[in-house]
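Me: Could you walk me through this structure a bit at a time? I would like to begin with charged side chains.

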Amino acid sequence: MMKEKLEEIRQKAVSEIENATDPEMLNSARVTFLGKKGELTAILKSMKEVAPEDRPKVGQWVNDTRKAIEEKLGAAKEKMELEQMKHRLANETIDVTLPAKKNKIGHRHPNTIALEEVEKIFVGMGFEVVEGPEIEKDYYNFEALNIPANHPAKDEQDTFYINKDILLRTQTSPVQVRTMEAKKPPIRMIAPGRVFRADEVDATHSPSFHQIEGMVIDKGITFSDLKGTLQMFVQKLFGKDTKVKFRPHHFPFTEPSAEMDVSCFKCGGKGCRFCKGEGWIEILGCGMVHPKVLKMSGIDPEEYSGFAFGIGLERIALLKYEIDDMRLLYENDDRFLSQF
Ligand SMILES: [Zn+2]
């Protein structure tokens, strides 16, 4: 009687386990037959109704049944997990024949391209590239460059002051002074970098832009060295037919001073829209380093002389790539930048 009942439970359990299609169904079968309130437990609880001499035998049957159900459950669980794994492997297969995702690579900024080209030309002529701080002392930005305290460039409207003595450099020229202080002539250096001026943003102005400062100091340097060097520079930059023209100018830190124009590389000097009909394009400021500047930096103006120049990097980039609005260089619009 008891044995038949146990066999019945076993068969019911086996059939329920075999019909289970997911782990939850297996678990519910386990609870139904083996759980605390399950059918086998109920039978164990009714053992007191069994005659004492039959109890070991019945107990053995219950244990055998439990063991049979547990084994069946274990096997079913293992099989289910294996199938799930196979299913996952099949679905998560990577199709190596699919085309690869294209990585979007950025472009070099026209400013960077222009700077690298300028640096390459000067390094080829024996110049070294030096850097200086963007946050600068008033002394290096103005005083050591022979810019007197009452000079209009010192006006707070043009210069970003941090305090009375510290400012954001308005030019790369302070690097000249720092270089002269740090080393003995001969000096051949260019100093590219960012400069700051309190300008409103428009097509040709920005409160932050880039300059490339250049300086040569040695014995017997003359204005013809300046002319020859800068002529070679623009011929390498704009083409070998480029002509140069110097116009007298004034800078506090050079004497004499000049602005240099190049013949328009679009029309060859005939005059076009690009050069506004002039045939010439203004390109840089230059001059012979003022003896006072040499002296203040610890170089004897009786023994040494030199020339210096300052180029607007943006101006070079605008001219070279025929960009008509400086703001485009700062907006970082990918549609613009990707053209270079
Ligand atoms: Zn022209």
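Me: What do the side chains of arginine 88 and glutamate 92 do?

Reply: Keeping in mind that this is a predicted model, the side chains of arginine 88 and glutamate 92 meet in a salt bridge, with 4.0 Å from N to O. Side chains of opposite charge can pair when their charged atoms come close.

Me: Is glutamate 92 buried or exposed?

Reply: Glutamate 92 is exposed, because its relative accessible area is 57% and exposed means over 50%. Arginine 88, at 49% relative accessibility, counts as partly exposed.

Me: How many salt bridges turn up in the whole structure?

Reply: A search of the whole structure finds 18 salt bridges. There is also a network of salt bridges that links Arg247, Glu259, Asp261 and Glu282.

Me: What about lysine 266 and glutamate 322, and which parts does that pair tie together?

Reply: Their side chains meet in a salt bridge of 2.7 Å, N to O. Lysine 266 lies in the loop between β7 (254-263) and β8 (280-289), while glutamate 322 lies in the loop between α10 (313-320) and α11 (328-331), so the pair ties together parts that are 56 residues apart in sequence. Lysine 266 is partly exposed at 45% relative accessibility, and glutamate 322 is partly exposed with a relative accessible area of 44%.

Me: OK, switching to the inside. Which residues have the most contacts within the largest nonpolar core?

Reply: That core has 42 residues, and those with the most contacts inside it are Phe122, Phe233, Leu284 and Phe309. Helix α8 (residues 223-238) gives the largest share of this core, six residues. A second, separate core has 23 residues, including Phe142 and Phe253.

Me: And what does phenylalanine 233 touch?

Reply: Leaving out residues up to four places away in sequence, phenylalanine 233 touches Val118, Ile121, Phe122, Met125, Leu284 and Ile311.

Me: Where does valine 118 lie, then?

Reply: Valine 118 lies in helix α5 (residues 110-124), and valine 118 counts as buried because its relative accessibility is 0%. Valine 118 is 195 residues from leucine 313 in sequence, yet the two are 8.9 Å apart in space, C-alpha to C-alpha.

Me: Last one: why does threonine 170 count as buried?

Reply: Threonine 170 counts as buried because its relative accessibility is 6%, and buried means under 20%. Threonine 170 is found in the loop between β3 (166-168) and α7 (174-182), and a polar contact of 2.9 Å joins its side chain to that of asparagine 141.

Conventions:
Residues are numbered from 1 along each chain as its sequence is written. This is a predicted model: local features need pLDDT of at least 70, side-chain atom pairs count only at pLDDT 80 or more; totals for chains, interfaces and linings use all residues. Side-chain values use heavy atoms; hydrogens and water are left out. Helices (H or I, at least four residues) and strands (E, at least two) are DSSP runs, numbered from the N terminus. Buried means under 20% relative accessible area, exposed over 50%, partly exposed in between (1.4 Å probe, protein chains only). A polar contact is a pair of N or O atoms within 3.5 Å; within protein, one must be able to donate a hydrogen and the other to accept it, and residues adjacent in sequence count only if both atoms are side-chain atoms. A nonpolar core is a set of buried Ala, Val, Leu, Ile, Met, Phe, Trp, Tyr and Cys residues joined through side-chain atoms within 4.5 Å. Contact means heavy atoms within 4.5 Å.
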